[in-house]
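Try each task before you read its solution.

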Amino acid sequence: VTDPNSQGRAAPWRSSFRAHLTVLVVAVILPLAGLSFYSMTRLGDAEREMNRGQIISTARAISSNIDQQLLSAERNLRALTSTLPKVGSSLDDFYAHCRAIAQENGGWILLADPDGRQIFNTKRPLGTPLPIGLFITLKDVTELRAAEQRQRDLERQLQHGQKLEALGTLAGGIAHDLNNTLVPVIGLTKLTMKRLPEASRERANLAIILQAGERARDLVRQILAFSRNEAPTRERLDFAALVTDTLKMVRARIPATIHITETIASVPPMLGDSGQLHQIVVNLVVNAAHAIGDKMGVIAVTLAAAVPSAAESDGPAWIRLSVRDNGCGMDQMTQHRVFEPFFTTKPVGEGTGLGLSVVHGIVVQHGGRVCVESAVGSGARFDVYLPGLAGGERAQPNDAAEAAE
Amino acid sequence: MTRRILVIDDDAGVRETISRTLDEHSYQVITAENGERGLSIFRSALPDLVITDIVMPTMEGLQTIRELRRLRPAVPIIAISAGGRGGRHDFLEIARQLGAWEILVKPFDPDELVARIASCFAA
């Protein structure tokens, strides 16, 4: 192994010292590397290709001199990098080739190879006390990273659930006290208003207090709906008819500048709480209207039979309600938090941050799920999946009778 | 004859509001701040109707309703609650099953309360 580029750059004594050390270390390393290489090459090419995932997850070694020129590289490195780096080429070129993507931190570098696999890279100095080169190992950690990501996602879902539960309990307690507080606010205001002349200033003042009290009462109802963790009442219902009826009602609350389109297919019957399901439709449509704001816009409401994922295509029937708007859209951070109670992007006093968390709570209570797709400036799409009654499950009159009670 | 109504609620604002509302309709109102005190008054004052809260310290409303029914089953009871409806903990629904004639969610419209009282007496 030669070191052509180091000539002329270092002082002659240093170069000579380094050359000797390099030869010494390489003499030690090569038999070891050879041993490891032997163990790798025992597998035939075809078998190696078949077991690619397994093989490339084994650490691969390359060594370089202190000027970071490659002294040796195991042939199987090709599995990680798609080409074998040339002995004598610089490590910088090698890394550029590997498209280094992530942070360098204390000698650890994360690389991604051309087909998107993630490769973990460690560098250790060769030779003590004087470093004369680098020993580098590469490891394919794509599966490991994917597993870690799945773990993080699960933990986030769990934390989200616990947070909702804690907030639900807290909100339920506060709502109860607020409702008691509102009894005199609403009750005595109404009582006093009756005693005042129709056109009096005092009566008009009380009317404003009453309006504020009633707004607070509606807000508390939303909080209670959100905090209710019990299973909803279950009656057999036609969700398509419920959506159609709700849209008729909600249209009056949406500005005339916003057009609502309806594509309602017939869907399997389902068991659910009609009041709560009505609330889902209202909240999603009102939220979409808020995202559009004063501009002209369209809210597209679509109902169809559709499974949440291909893995569930053999399971029971699913119903999908999609509400799409062409409003302001959301960034990733907002999408992650959009179902959190009290999270709102609206100005103080204009949004409660409860609408979508109520939707989330109701959907989960019905055994369904809700997801969001959006990009800033490109609107948003909320998909609510609810379990429907499949043919086999439908034939259970006892369930239906119980549900109707 | 002036009808006598017993109001059981741990919230002073609620008791006061109901008293003032019913006073305007010429009902005589007696109040109690918990179920235990309410039962004691119920025995001595013999009210014609009882309005009781559900979530209360000392003796909660559902137990109070059971006792009221046991003592004088013919006396109409109106249950009121500030909690949410629906689900397993729908206390007002349980109150109805225990024998409450009417149920009302707080905060209620005073006219609605008066109408419910009238309907109990008309029955």
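A helix here is a DSSP run of H or I with at least four residues, numbered from the N terminus. The model is predicted.

**Exercise 1.** Find the residues that make a nonpolar surface patch of about 250 Å².

*Solution.* The patch is made by A:Leu170, A:Ile174 and A:Leu178. A:Leu170 belongs to helix α6, residues 142-195 of chain A. Now use the helix geometry. An α-helix has 3.6 residues a turn, so residues three or four places apart point the same way.

**Exercise 2.** Explain why helix α11 of chain A counts as largely enclosed.

*Solution.* Helix α11 covers residues 355-365. Eight of its 11 residues are buried, so the rest of the structure largely encloses it. Among them are A:Leu356, A:Val359, A:His360 and A:Ile362. Just after α11(A), A:Gly367 takes a positive phi of about 75°.

**Exercise 3.** Work out how α3 and α4 of chain B pack.

*Solution.* Take helix α3 (residues 61-71) and helix α4 (residues 91-98) of chain B. Their axes are 10 Å apart, at an angle of about 10°. Angles under 35 degrees count as roughly parallel, so α3(B) is roughly parallel to α4(B). From α3(B), the contact uses B:Leu62, B:Ile65, B:Arg66 and B:Arg69. From α4(B) come B:Phe91, B:Ile94, B:Ala95 and B:Leu98.

Methods. Residues numbered from 1 in each chain as written. Chains lettered and ligands numbered in written order. Predicted model: local features only at pLDDT ≥ 70, side-chain atom pairs only at ≥ 80, totals over all residues. Heavy atoms only, no water. Patch = residues over 30% accessible without salt bridge, like charges linked within 9 Å, V, L, I, M, F, W, Y side chains within 5 Å. Areas by Shrake-Rupley, 256 points an atom, 1.4 Å probe, with all protein chains shown as cover. Salt bridge = Lys/Arg side-chain N within 4 Å of Asp/Glu carboxyl O. Helix = DSSP H or I, 4+ residues; strand = E, 2+ residues; numbered from the N terminus. Buried < 20%, exposed > 50% of the residue type's maximum accessible area, 1.4 Å probe, protein only. Axes fitted to C-alpha atoms, helices over the stretch in contact; angles between N-to-C directions. Parallel < 35°, antiparallel > 145°, perpendicular 65-115°, else oblique. Contact = heavy atoms within 4.5 Å.
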